[in-house]
Amino acid sequence: MNGAKVELRGLRRNFSGTTALDGLDLTIEPGELIALLGPSGCGKTTALRCVAGFEQPDEGAVLIDGADITRVPANRRDAGMVFQSYSLFPNLSIRDNVAFGLRVRKVAAAKRHARAQELLELIGLPQIGERYPHQLSGGQQQRVALARALALEPRVLLLDEPLSALDAKVRVTLREEIRRLQLSLGITTIFVTHDQEEALSMADRVAVLRAGRLEQVADPATLYDRPTTAFVAEFVGTMNRIPGKLSGRTVTVLGQDLPVEGDVPATSDVEVLVRPETVIVTPDPSSEAMILVSSFRGSTSRLRVQLGDLEMLADVPGHDTVRLAPGTRVRVELVERPVLVSASSDVAAAVPVSEHDVV
Amino acid sequence: MTVQSPVHTAPAAAGGGSRPKKSKSWLATVPLLAFVVLVFGVPLVIILGGTFTREGTLSAANVTDSLQGAYLTALLGSVKLSALVAVVGALLGTFLAQAVVTSRFRLLREAVLTASGVLSNFGGIPLAFAWIATLGNSGVVTSALGLDSAGWSLYNFWGLTLVYLYFSIPLMVVVVVPALDGLRPQWREAAQNNGANTWQYWRHVGIPVLTPTLLGGVVLLFGGAFAAYATAAAMVGGTVPLVTLQIANALSGNVLIGHENVALALSLDMIVVAGLVMAVYLPLQRRSARWLR
Ligand SMILES: Nc1ncnc2c1ncn2[C@@H]1O[C@H](COP(=O)(O)OP(=O)(O)OP(=O)(O)O)[C@@H](O)[C@H]1O
Ligand SMILES: [Mg+2]
């Protein structure tokens, strides 16, 4: 195992008034790929920069394999970093970019060129060593940046939204490639992103940050299925908020009684958090509810259903689309399983139901 | 070079009837060309014509004269002064610009940039007068600090260097600030991340990226100092040998009868010096900017 264990302990960082990190605790196991996910401004970049040494926490410590490196200068840390964009040295050829760290360490030219070539082959671009950064596409540049970050064989890899400047297709191939490389090298990796799909598809574990604190850290499936807070539930994936009545640890919603999991608010008027795929929609001419919009997505269709004052989203199997055309009267039920609830006033906690990719 | 590519032979084989249509786009450059001919061509013809005639006959005597004695001293004096001003001005200007760019005080930045914009255009008699009134023989500062008894004089080579730097440093600031702003913070951080210290960052990335701009600045400063006349004339008159002063001298008739055209020969010498500077500068520029292409 080449990866190091990384521990963030009570990291706190203030920027003239704004609190970027507010006591962040997180332990990353050797060889693990962890994604830092959270809304803009929640402190992801700041946390990563504390590990890289570009930022000094006001309080707290960063430990690598148990050793406190909080005060170690950035150029003596054992962590390679890939920046969001345009970080290649424009005056150096690709080969010299990749070999930069070796040159600084006074490795002989022949040896560092050989190593650079090895890395270029690793990222699948063996023929571009002589070119200059501006002659590469954005995706190629980020691959080279990755090769450069790996050149000194660091035991920690830090990626700050390395794919966000790329188009969707390149993004998907490149993230698979990063994951493949990361697994084969066994390098501990912290991947900052605000793209939940990216986080869920790549990471061993996902850490959701909110206002400089850790909200939840779990493997993707757990995070999606068993979010411990309403914030996580709404930030990861899509959520419906449906009014319900709470009594004890049971909530009555849409005429059904469902068990409640997680925190229970003090009020009895609550909103129940329901994923679109746990909403069951069946045609029923006598029902009040009606389908407003249907968008076909291949294996599934996402429906927007009107139910009194309420609009909710439901995912149904793709082959049901024909029966469930817009204008159809339908009956709406929820899958019998424990649900999360939040106090009705807690709406500002996260993104509203109207998710960006919804019709 | 005897191998012809098939692409070139193809039209001929096809009968040669369809030559590529002549573009009329060159017409747009006519005003520019006319301007160039008027402003550069005509004076050049006059200079060349005058330089190589003496008392109505073709002769190289003017050129020979211009490269001897006091004229040669003046030419070399100008080159020396300009080179010194260019190098020192470029260095100090770059450091000042870097200090301003990295400063956390926005107001300071704005103030220095505005002042640089103004001062870089400060020249001629007003500049000379400002310095004479401040550091001349009976200038305010000279009197206040008693510099004259300490042997201070503004009216020599070093005084002139100082005055030229006064507009050259701001000019350099104006030139390099955009380039310094263009150095991305990621480059420095990426360098650090790869184990480089501050010096190594500058050595391998910062300075190479800036070099094309710095070279351009040096050449600009050299040209500005080389061609400057009014300031020097007002300040030192004839006490510091400078080629522009000699040209003025010759033009105003202060020469042997029949030697009036030496002024034109001196102008030609200046053009040649400028050409030599460009001959050094352009290959360096091309080399330092090869990563841009
Ligand atoms: N150098 C700085 N000076 C002042 N404030 C800063 C600085 N860096 C970050 N901040 C502030 O700290 C907070 C956290 O910033 P950070 O860059 O860590 O967020 P982020 O989670 O990476 O956001 P994004 O997804 O937009 O990149 C923000 O409110 C930001 O404005
Ligand atoms: Mg960020």
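These legends walk you through a few close-up views of a predicted model.

A word on reading them: residues are numbered from 1 along each chain as its sequence is written, while chains are lettered from A and ligands numbered from 1 in the order in which they are written. In this predicted model, local features need pLDDT of at least 70, side-chain atom pairs count only at pLDDT 80 or more, and totals for chains, interfaces and linings use all residues, with side-chain values taken from heavy atoms, leaving out hydrogens and water.

**View 1. Chain A meets chain B.** Here 26 residues of chain A and 22 residues of chain B are in contact (heavy atoms within 4.5 Å). The size of an interface is often given as the accessible area lost when the parts come together. For chain A and chain B, the buried area is about 2,200 Å², and carbon and sulfur atoms give 55% of it (buried area is the accessible area, with a 1.4 Å probe, that two parts lose on being put together, summed over both).

View 2. One salt bridge is counted between the two chains, A and B (a side-chain nitrogen of Lys or Arg within 4 Å of a carboxyl oxygen of Asp or Glu). Its partners are Arg49(A) and Glu189(B), at 2.8 Å, N to O. Ten residue pairs, both at pLDDT 80 or more, are in polar contact across the interface of chain A and chain B (N or O atoms within 3.5 Å; within protein, one must be able to donate a hydrogen and the other to accept it, and residues adjacent in sequence count only if both atoms are side-chain atoms). On the side of chain A that touches chain B, strand E6 (79-82) and helix H3 (100-104) are the elements giving two or more residues (DSSP runs numbered from the N terminus, helices being H or I with at least four residues and strands E with at least two). H3(A) supplies the largest share, four residues.

View 3. The residues around ligand 1 include Phe15(A), Ala20(A), Lys44(A) and His194(A) (each with a heavy atom within 4 Å). Helix H1 (residues 44-52) of chain A gives the most to this shell, three residues. An oxygen atom of ligand 1 lies 2.6 Å from a side-chain N or O atom of Thr45(A), and a backbone N or O atom of Gly43(A) is 3.0 Å from an oxygen atom of the ligand.

**View 4. Two strands of chain A joined by a salt bridge.** Arg12(A) and Asp22(A) form a salt bridge, their closest N and O atoms 2.7 Å apart. Arg12(A) belongs to strand E1 (residues 6-15) and Asp22(A) to strand E2 (residues 18-28), ten residues apart.

**View 5. Around Pro243(A).** Pro243(A) sits in strand E11 (residues 240-247) of chain A. Leaving aside residues up to four places away in sequence, Pro243(A) touches Val253(A), Val270(A), Glu271(A) and Leu310(A).
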